[in-house]
Amino acid sequence: MALVCLIYVSSAVGSFSNSDVLSILNASRVANKKREVTGLLLYKDGNFMQVLEGEAEVVDALHDKISKDPRHSGIITLHRASIEERTFGNWQMGFKDMDNLTEDEKAARSDFLDRPLNDNSYVSTPNEALFLLESFKDTVR
């Protein structure tokens with residue numbers, strides 16, 4: 001089984017309420033469990049950053065489906081690489097709403113919080129996107 005890690009960013013088309021995001025998240029968790037896909041979704045100011053881990057064919061098909069979803073625009077793939085083991089293996093889809101961080105979470109990530117999730121710095125240096133995602137790994141629900 002060839003595992004991959006794929007990270008992308010996108011912008012929401014229209015506004016998303018908290019209940020909209022949670023509804024998408026819950027549906028993703030059910031579907032991802034069946035597909036054996038794990039990962040983490042960050043949401044901030046109408047933008048998403050998501051890491052997906054799983055079998056290459058499954059992750060690529062899911063990414064293709066997301067790319068065609070009319071609720072997303074400006075999708076940019078930041079990173080795709082083979083991995084030996086999952087970094088985000090504890091969740092079918094972890095989630096962090098970066099618009100509602102605690103003061104402790106803000107203090108620990110101040111340099112990242114000034115940038116939108118689709119900032120060009122993540123495109124030019126995808127490792128920073130992975131670092132941001134990993135920094136929330138232990139604080140997601």
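Start by selecting Q50, which is buried, with a relative accessible area of 6%. Keep in mind as you go that this is a predicted model. Q50 sits in strand β3, which spans residues 47-55. Now show side chains: that of Q50 makes a polar contact with the side chain of Y8, at 2.4 Å.

Next, turn to the salt bridges; the structure holds four. Here are some to visit.

Select D60 and R80. Their closest N and O atoms are 2.9 Å apart, forming a salt bridge. D60 belongs to helix α2 (residues 56-68) and R80 to strand β4 (residues 72-83), so this pair ties together parts that are 20 residues apart in sequence. Colour by accessibility and D60 comes out partly exposed at 32%, while R80 is partly exposed at 41%.

Move on to D69 and R71, a salt bridge with its closest N and O atoms 2.6 Å apart. Here D69 is buried, with a relative accessible area of 16%, whereas R71 is partly exposed at 40%.

For the last stop, select E128 and R115, whose side chains meet in a salt bridge (2.6 Å, N to O). This pair links distant parts of the chain, 13 residues apart: E128 is in helix α6 (residues 126-135), and R115 is in the loop between α4 (110-113) and α5 (120-124). Which partner is buried and which partly exposed? R115 is buried, with a relative accessible area of 17%, and E128 is partly exposed, at 26%.

Key:
Residues are numbered from 1 along each chain as its sequence is written. This is a predicted model: local features need pLDDT of at least 70, side-chain atom pairs count only at pLDDT 80 or more; totals for chains, interfaces and linings use all residues. Side-chain values use heavy atoms; hydrogens and water are left out. Helices (H or I, at least four residues) and strands (E, at least two) are DSSP runs, numbered from the N terminus. Buried means under 20% relative accessible area, exposed over 50%, partly exposed in between (1.4 Å probe, protein chains only). A polar contact is a pair of N or O atoms within 3.5 Å; within protein, one must be able to donate a hydrogen and the other to accept it, and residues adjacent in sequence count only if both atoms are side-chain atoms.
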